[in-house]
Amino acid sequence: ATAKLATWFEDRWDDPFSLTITAEIIDLIGESWADDHQPSPFEVYLKVCYSLSQDARDGMGYVLPASMSTLLLDYQESAVRTLARRIVRRRGTMLGDVVGLGKTLTAVATALMLQAAEDYSTLVLCPKNLKEMWEEHLQEYDINGRVVPYSMVDKVLPELKRFNLVICDESHNLRNNATVVYDAIHQYIRTNGSKVLLLTATPYNLAFQDVANQIGLYLDE
């Protein structure tokens, strides 16, 4: 096996059409972990901060709808911009806040912002007792969308037109990926290439798999 590998290498090394890449190799080594001159821990920390804040910084390019500008607190406005950017770039995201911090209003503003900036339509999936509330929000803020309760998704979604954004309210209800409801939503999102916004105050129940199944609606395993 060693002789075979040596012959393979020499054939390429001696090939008259091979290119000299010595300079490129030196540059690659210089930029890798093998270089003698490594960045300091503080420089690594700054790089991590810069990378983690990428979505928030890019999201500053989105304009908050006038109808929402006076309703959102600063932390909500910042969240809306970050959520919008992550939804567009990463196919989806989760907004996990405790009860009372305004997840619904933040999600409405995000849908409205994406409707204005990216021409998104919105499908809201939620428990049956929240259907009327969501319909009122869509109507009040003139959002192009529809609301379907979880109890009806297996009947409605297979024949439903494509919506660009799917908001799953109380998404912890989807922590089990072996249900008919989960499968119907998963199939709809994959078939239509929809982006996803998950809303929940309790993303984690018994195991990390609870969270994995929720984000598995839009991310591959």
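Hello everyone, and welcome to a short tour.

What you see above is a predicted model, where local features need pLDDT of at least 70, side-chain atom pairs count only at pLDDT 80 or more, and totals for chains, interfaces and linings use all residues. Residues are numbered from 1 along each chain as its sequence is written, and side-chain values use heavy atoms, with hydrogens and water left out.

Let's begin at Thr106, which sits in helix α7. Helices here are DSSP runs of H or I with at least four residues, numbered from the N terminus. Is Thr106 buried or exposed? With a relative accessibility of 3%, Thr106 is buried; that word means under 20% relative accessible area, while exposed means over 50% and partly exposed is in between, using a 1.4 Å probe and protein chains only. Setting aside residues up to four places away in sequence, Thr106 touches Gln76, Ala79, Val80, Leu83 and Leu95.

Now follow one of those partners, Gln76. Gln76 belongs to helix α6, residues 74-90, and is buried too, at 5% relative accessibility. Beyond its neighbours within four places in sequence, Gln76 contacts Leu71, Leu101, Gly102 and, once again, Thr106.

Helix α7 covers residues 103-118 and helix α8 residues 131-140; their axes come within 11 Å and cross at roughly 40°. An axis is a line fitted to C-alpha atoms, for helices over the stretch in contact, and angles run from 0 to 180 degrees between N-to-C directions. So α7 is oblique to α8, as under 35 degrees would be roughly parallel, over 145 roughly antiparallel, 65 to 115 roughly perpendicular, and the rest is oblique.

Which residues make this contact? From α7 they are Thr104, Ala107 and Val108, and from α8 they are Met133, Trp134 and His137.

Last stop, the cysteines. A disulfide is a pair of cysteine sulfur atoms within 2.5 Å, and by that rule the count is zero. Cys168 is in no disulfide, as its nearest cysteine sulfur, in Cys126, is 9.8 Å away. Cys168 is buried at 0% relative accessibility, whereas Cys49 is partly exposed at 34% relative accessible area.

Terms used: Helix = DSSP H or I, 4+ residues; strand = E, 2+ residues; numbered from the N terminus. Contact = heavy atoms within 4.5 Å.
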